[in-house]
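Reader: I'm new to reading protein models. Could you take me through this one, a step at a time?

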Amino acid sequence: MMLRRSALIACLCLLGVVPAQAETFDVKMLTRGVHGSMVFEPEDITLAPGDTLRFLPSDRSHNAASIPSMLPAGAVAFKGKIDQETSVTFDVPGVYGIKCSPHFAMGMVMLVRVGAGSPAEITLPADLPERARTRFEEIIERSGAAGSKG
Ligand SMILES: [Cu+2]
C-alpha cells in the first residue's frame, strides 16, 4: 500500500501537479540595521503566492502592519502586536507596503512583492509620510529598479 501511494505522489510530481512547497522567511524588526535606524531586514523581498513572512521582534517596540494604500485588491489587511512575533501568509499577488505602526513617520517600512512584477513599475501612493516615501524610494533604488529606468 505504501509503495503504491508513494508511486502515485512521484507520478504527480513528475507531471507538475503538486505545487512547490510554500516557504517561510524571517524578517527582523530592528531599531538599528544596515540601512539606518528603524528598519525591517530584509527591507525588500519577492515571494511566491502562499509564502509566509515571520516578523521577529529582534529589537523592542516594533510591529508589522499592512499599509492600506499599498495593499493589492483582495488581500487581507493585518496588524501585528508590538513586541510579538507575527506570521503573515501572502496569497494574493501584487505589491505590498509593510509598516511599523509607531515608526511609520520615521520611515520604518518594507516592500513585499508577491509573484512576478518589476519594482520599476511600482507607483508609491500620495498619502505616505515623507520619510516613509524616501525609504521606499531608497529600497526600490537598491533593488536595482533605478537602472532599468535609465
Ligand atoms: Cu518600529
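Author: Happy to, and let's begin with a side chain. That of Thr86 reaches the backbone oxygen of Gln84 at 3.3 Å. A polar contact is a pair of N or O atoms within 3.5 Å; within protein, one must be able to donate a hydrogen and the other to accept it, and residues adjacent in sequence count only if both atoms are side-chain atoms. This is a predicted model, where local features need pLDDT of at least 70 and side-chain atom pairs count only at pLDDT 80 or more, while totals for chains, interfaces and linings use all residues. Residues are numbered from 1 along each chain as its sequence is written, and side-chain values use heavy atoms, with hydrogens and water left out.

Reader: Is Thr86 buried or exposed?

Author: Buried means under 20% relative accessible area, exposed over 50%, and partly exposed in between (1.4 Å probe, protein chains only). Thr86 has 13% relative accessibility, so the label for Thr86 is buried.

Reader: Which residues does Thr86 touch, leaving out those up to four places away in sequence?

Author: Thr86 sits in strand E6, residues 86-90; helices (H or I, at least four residues) and strands (E, at least two) are DSSP runs, numbered from the N terminus. A contact means heavy atoms within 4.5 Å. With that cut-off, the residues touched by Thr86 are Leu53, Arg54, Phe55, Gly80 and Lys81.

Reader: What is the order of the strands in the open sheet?

Author: Two strands pair if DSSP finds at least two bridges between them. The open sheet has four strands and its pairing is mixed, in the order E3-E8-E7-E5.

Reader: And which strands stand at the edges?

Author: Look for strands with a single partner strand, so that one side is left without a neighbour in the sheet. Those are E3 (44-47) and E5 (65-66).

Reader: How many bridges join E7 to E8?

Author: Start from the other partner of E8: E3 runs parallel to E8 (residues 109-114), joined by four bridges. There, Ile45 stands opposite Val112, and Leu47 has Val114 as its bridge partner. Val112 is also the bridge partner of Tyr96. Strand E7 (residues 94-99) runs antiparallel to E8, and the number of bridges is six.

Reader: How many of the residues of E8 are buried?

Author: Val109, Leu111 and Arg113 point one way, Met110, Val112 and Val114 point the other way, and all are buried. So E8 is mostly covered, and the count is six of six.

Reader: What arrangement do the donor atoms make around the copper ion?

Author: Donors are N, O and S atoms within 2.8 Å of the metal (3.2 Å for Na, K and Ca); water is not among the atoms, so sites may look incomplete. Here they come from His62 (ND1), Cys100 (SG), His103 (ND1) and Met108 (SD), at 2.0 to 2.5 Å. Four donors count as tetrahedral if all angles lie between 85 and 135 degrees; four count as square planar and six as octahedral if opposite donors are over 155 degrees apart and all others between 65 and 115; anything else is irregular. The angles around the copper ion are 93 to 130°, so the arrangement is tetrahedral.

Reader: Is Thr123 buried or exposed?

Author: Thr123 lies in the loop between E8 and helix H2 (130-142). Its C-alpha atom is separated by 9.6 Å from that of Val95, 28 residues apart along the chain. With 70% relative accessibility, Thr123 counts as exposed.
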